[in-house]
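Subject: Handover of a structure

Dear colleague,

I am passing a structure to you for your files.

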Amino acid sequence: MATMSTSGIEDLMREFTRKEQNVDGAAKKALTAGAEIIRDGFAEAVPKRTGRLSKSMEATAPTADYGGYVSTIGPAGTQHGQRNGLIGGVLEYGRSNMAPRPWFFNTLADKQDSAEEAMAKTFVKEMGIDT
């Protein structure tokens, strides 16, 4: 009768378990890296008169949502009793007496690749994956 033996399986299983435990932390750090690029792009691209709207851009810490993580990026706070998000929307779409000054969707399109690259690099680094 033939016998078979294996070695190293236990070490491999421990490594898989360690990486599995690190996924959530790595995902949050990766999302933060991408969100910072988008946030900085928004701050740079938004039309500036006083600079307050630009300074109000923030990216929230990642939170669990719909089986993944979400970070909200955009203008926060108020000025002169109006939410900065509303002011940014009026600038993006205009109104009857003001032409649109698009900044939001243009920035998303411009910064998407660099944000995705930063997220991928951060995730790979945090997971300790050799490339």
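The notes below cover confidence, salt bridges, surface charge and some individual residues.

Confidence

Please keep in mind that this is a predicted model. The mean pLDDT of the protein is 91, and 95% of the residues reach 70 or more. Confidence is lowest in helix 1, residues 9–45, where the mean is 88. It is highest in strand 1, residues 57–59, at 97.

Salt bridges

Side chains of opposite charge can pair when their charged atoms come close. The structure holds three salt bridges.

One of them joins the side chains of K29 and E126, with a distance of 3.3 Å from N to O. This pair links distant parts of the chain, as K29 belongs to helix 1 and E126 to helix 4, 97 residues apart. K29 has a relative accessible area of 46% and is therefore partly exposed. E126, at 30% relative accessibility, also counts as partly exposed.

Another salt bridge is formed by the side chains of D40 and R39, at 3.0 Å from N to O. D40 is partly exposed, because its relative accessible area is 43%. For R39 the relative accessible area is 24%, so this residue is partly exposed as well.

K121 forms a salt bridge with E117, and their closest N and O atoms are 3.2 Å apart. Both residues lie in helix 4, four residues apart, which is about one turn of the helix. K121 is exposed, with a relative accessible area of 54%, whereas E117 is partly exposed, with 46%.

Surface charge

On the surface, R49, R52, K55 and R101 gather in a patch of positive charge. Within this group, R101 is placed in the loop between helix 3 (84–93) and helix 4 (104–127). Its relative accessibility is 41%, so R101 counts as partly exposed.

Backbone angles in two loops

Y66 is not a glycine, yet it has a positive phi of about 55 degrees. This residue sits in the loop between strand 2 (63–65) and strand 3 (68–70). With a relative accessible area of 81%, Y66 is exposed.

H80 is not a glycine either, and it has a positive phi of about 55 degrees. The loop that holds H80 runs between strand 5 (78–79) and strand 6 (82–83). The relative accessible area of H80 is 70%, so this residue is exposed.

Distances between residues

S114 is found in helix 4. S114 counts as partly exposed because its relative accessibility is 33%.

M13 is part of helix 1, the element in which confidence is lowest. M13 and K125 are 112 residues apart in sequence and 21 Å apart in space, C-alpha to C-alpha. The relative accessible area of M13 is 47%, so M13 is partly exposed.

Kind regards

How values were computed:
Residues numbered from 1 in each chain as written. Predicted model: local features only at pLDDT ≥ 70, side-chain atom pairs only at ≥ 80, totals over all residues. Heavy atoms only, no water. Patch = residues over 30% accessible without salt bridge, like charges linked within 9 Å, V, L, I, M, F, W, Y side chains within 5 Å. Areas by Shrake-Rupley, 256 points an atom, 1.4 Å probe, with all protein chains shown as cover. Salt bridge = Lys/Arg side-chain N within 4 Å of Asp/Glu carboxyl O. Lys, Arg positive; Asp, Glu negative; His and termini not counted. Charge placed at Lys NZ, Arg CZ, Asp CG, Glu CD. Buried < 20%, exposed > 50% of the residue type's maximum accessible area, 1.4 Å probe, protein only. pLDDT = per-residue confidence, 0-100.
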